[in-house]
Amino acid sequence: MDLQEILKTLSQNEKVELAQLLQQDLSAPNIELLKSNINKDQEILCPHCNSNDIYSHGNYKGRKRYKCKVCKKTFNDFTGTAISGIKKTNEFQQYISLVVESVSIRKASSQIGVNIKTIFDWRHKLLSSMALMNGQSFLGIVECDDKQLNINNKGDRHLDRKPYKRPSDRETKRGVSNDKVSIIVATDRNGNPTMQVAKIGRIDSDSVENTIGEFISTQNVLCSDSHPSIIAWAKEKKLEHHTFIASKQHVKDKCYHVQHVNSIDNRYERWVKRFYGVSTKYLSQYLNWFVFLEKVKKSRTQTLDLAKNVALDISTIKNYRLINNRYENLLIPHSS
Ligand SMILES: [Zn+2]
């Protein structure tokens, strides 16, 4: 193939388009290369049972294969990760940078030349690979807040009621609070935020415990508004707890306040607007996404940061397949 000859046949506009395509292609992170670098200094675990008792088991379709001595299953470097089973790996790698830029599915589809359904599937695999980053042990002062969002059944075909025709239908319904989904937002002062779907309706202390309980201990000091469920939960956990009135942005002892968690709330609202409503089924996925972006916002290598998640997280596909289950569990009314 004589590239110079091909070049001569292109118009100026086509050359510009080609240059853009090349740049997109060449700047996409190479997951294969990333993984082999990671493998050099990290032990390889079985994605089926997490055992490290594994051995080489030849090659399959050009990829090194392993076998687990414990569960006897075979796997390769990408089993369980977001990229496993993806055939258009090059396009998938290009899409990673578009997720970092929060590009819409429609726009990504036309930019990469892959159909919308596939991009949708890729998006949620990538967001599943961010789950591990959404929630880690807190250091020092922790600010916590709850937030109510309207339930959104966008794209859900299994509705057990008629969809609302106009917003006023929702307002006139009895028991308004059960028409909302509550999320817990919490952050320490070390850039370690988390946002988690708590429950349908108002939060109780169990839902606070189930979302952030494992990340907090008596080493931390909690700041929040005076929500009775958060107060009850903090008391149960024996946490030092300072409460604030939302309308009065005051600070106690120069360091206790809820300003960080409030500004995370505000940034989330601004960010999520571009999606014109997020389906409740996928809400936890979007929260993973936003928290990931918050965590890497000072990084100069955001696309690479996400590519590393993809290469590393062997529980991604498991998480991805649980989206429906988690949603169904959320919809089961819990006695409280
Ligand atoms: Zn195994």
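**View 1. Packing of helix α6 against its neighbouring helices.** The buried residues of α6 pack against α4 (89–100), α5 (105–112), α11 (283–296), α12 (302–312) and α13 (316–321). These residues of α6 are I119, W122, R123, K125, L126, L127 and S128. A residue is buried if 20 or more other C-beta atoms, placed from the backbone, lie within 10 Å of its own. Helices are DSSP runs of H or I with at least four residues, strands are runs of E with at least two, and both are numbered from the N terminus. The model is predicted: local features need pLDDT of at least 70, side-chain atom pairs count only at pLDDT 80 or more, and totals for chains, interfaces and linings use all residues. Residues are numbered from 1 along each chain as its sequence is written.

**View 2. Length of helix α6.** Helix α6 covers residues 116–128. Its 13 residues, at 1.5 Å a residue, should span 18 Å, and the end C-alpha atoms are 18 Å apart, which agrees. The expected span is 1.5 Å times one less than the number of residues.

**View 3. The open sheet β1-β2-β3.** Three strands form this antiparallel sheet in the order β1-β2-β3. Because β1 (54–60) and β3 (74–76) stand at the edges with a single partner strand each, one side of each has no neighbour in the sheet. From one strand to the next, the twist averages 35°, where axes are lines fitted to C-alpha atoms and angles run from 0 to 180 degrees between N-to-C directions.

**View 4. The pairing of β2 with β3.** Strand β2 (residues 63–68) is joined to β3 by three bridges, and the two run antiparallel. Two strands pair if DSSP finds at least two bridges between them. R65 stands opposite N76 in β3.

Key: A residue is buried if 20 or more other C-beta atoms lie within 10 Å of its own, exposed if 12 or fewer, and partly exposed in between; C-beta atoms are placed from the backbone. Two residues are in contact if their C-beta atoms, placed from the backbone, lie within 7 Å.
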